[in-house]
Amino acid sequence: MSSTKVPAAALAAVLLLVATAVSGAHWDHAVDLDENYRLLWSINNQDITFEVQARTLGYVGLGFSTDGSIYGADVVIGWVDNGQVHFQDRHFKMNSNGEPHVDPSQDYVLLLGYENATHTVLRFRRKLDTCDTNQDVPITNDTIRIIYMYHNRDPKNGAQAIGTLPDPAEAFKDSVPIFLTQRVNQVPIELDSRTRTLELRNKDVEIPMGDDNLRWCKMFKLDQFVRKQHMIRYEPVIESRSNLPFMKHIILYECQGSTPELEIMSREFGRSCMKAEKELLTCNSIVAAWSRGSEGFTFPLEAGYPLDSYQARFYMMETHYMGFQSNAIETRPRMDNSGLRLYYTTTLRKHDAGVLSVGIQ
């Protein structure tokens, strides 16, 4: 019987293809929840697939909450110990002591898990609605609060009992509102002689440090719209990916009237919103809103938001920054020049779009 040798190069190519098939994936959405934690996800029919990439060799967690707190939240916990992946569907009880309990019904499916020299990576799938009304939170067409966790230690020997998860209160980092079911493959914008872009950006805003938050207001005077035009899309312009974890939202408001105070603000680099409350009383109509995890919004083909300098000339952009923790390596202030990009056209669409704001602040 004769045997055929497979050349080493061909064997390596086969192994590479197999590895790519196992680890490669297409993601519709991605967001950095902080500088150490990246979340990617895609939706296919009634299934949603996630991948967590966390800079830790301990355990990681991803959860869903209705109000941003851990109490009553649905969470998945996973880690890699000596090459073995441990993965558990858990939940926080309403009167919890801060440690999630393992669910009787395991409704998440592990697809991939590994760690390298710096990161732990977990890929898993669940139903948008698992029908586990006792321990799981359904993912609907609404904004949901994502909670995320990571720690530098693993539980021992795949333990599941209460008291075996190292420092869950320390591992819990934050809750972030994200619209997980936002549309993908929105109608692409084709730039032509009638479609243009306008960037509204901050100017050298110093991101706060520690636990401080900053709401920064910058006024723009848009008097180039001598006749009505339609905004058909807006999207974030993020100066640096490293700044993204410290940005909560950007909201663009339309201001009524044309007062001297608005004119003065439009000539400034911006100021803390706390120092501009009087000037901003007339800026209360939302034009565009972005929050971390969103990729912008494209209006349907039959509608556009009206831009007309004779109706509104001043627009105020509010950016909410949260503080970052400095270290011995990074001692210089972080500066930011992010903002929004607007797409608008002189070809008016059938309907004027508007924004309905509901709630109390």
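C217 and C273 are joined in a disulfide, with their sulfur atoms 1.9 Å apart; the term covers a pair of cysteine sulfur atoms within 2.5 Å. This pair ties together distant parts of the chain, with C217 in strand 14 and C273 in the loop between strand 17 and strand 18, 56 residues apart. The torsion about the S-S bond of C217 and C273 is about 105°, so this disulfide is right-handed. C217 is buried at a relative accessible area of 0%, and C273 is buried too, at 3%. Here buried means under 20% relative accessible area, exposed over 50%, and partly exposed in between (1.4 Å probe, protein chains only).

Please keep in mind that this is a predicted model, in which local features need pLDDT of at least 70, side-chain atom pairs count only at pLDDT 80 or more, and totals for chains, interfaces and linings use all residues. Residues are numbered from 1 along each chain as its sequence is written, and side-chain values use heavy atoms, leaving out hydrogens and water.

How many disulfides does a search of the whole structure find? There are two. The other bond is between C255 and C283, with sulfur atoms 1.9 Å apart. C255 belongs to strand 16 (residues 247-255) and C283 to strand 18, 28 residues apart. With bonded cysteines counted along the chain, the pattern is 1-3, 2-4.

These strands bring us to an open, antiparallel sheet of five strands in the order 17-14-21-16-18. Strands (E, at least two residues) are DSSP runs numbered from the N terminus, as are helices (H or I, at least four); two strands pair if DSSP finds at least two bridges between them. Strand 17 (271-272) and strand 18 (283-291) are the edges, each pairing on one side only. Strand 14 (residues 213-221) is joined to strand 17 by two bridges, and W216 stands opposite S272 of strand 17.

A second open sheet, also antiparallel, has six strands in the order 7-6-5-4-10-11. Strand 7 (101-102) and strand 11 (172-178) each have a single partner strand, so one side of each lacks a neighbour in the sheet. In strand 7, H101 is the bridge partner of H91.

Finally, look at the loop between strand 9 (120-127) and strand 10 (144-150), where T130 lies. T130 is buried, with a relative accessible area of 16%. Its side chain makes a polar contact of 2.8 Å with that of D136; such a contact is a pair of N or O atoms within 3.5 Å, where within protein one must be able to donate a hydrogen and the other to accept it, and residues adjacent in sequence count only if both atoms are side-chain atoms.
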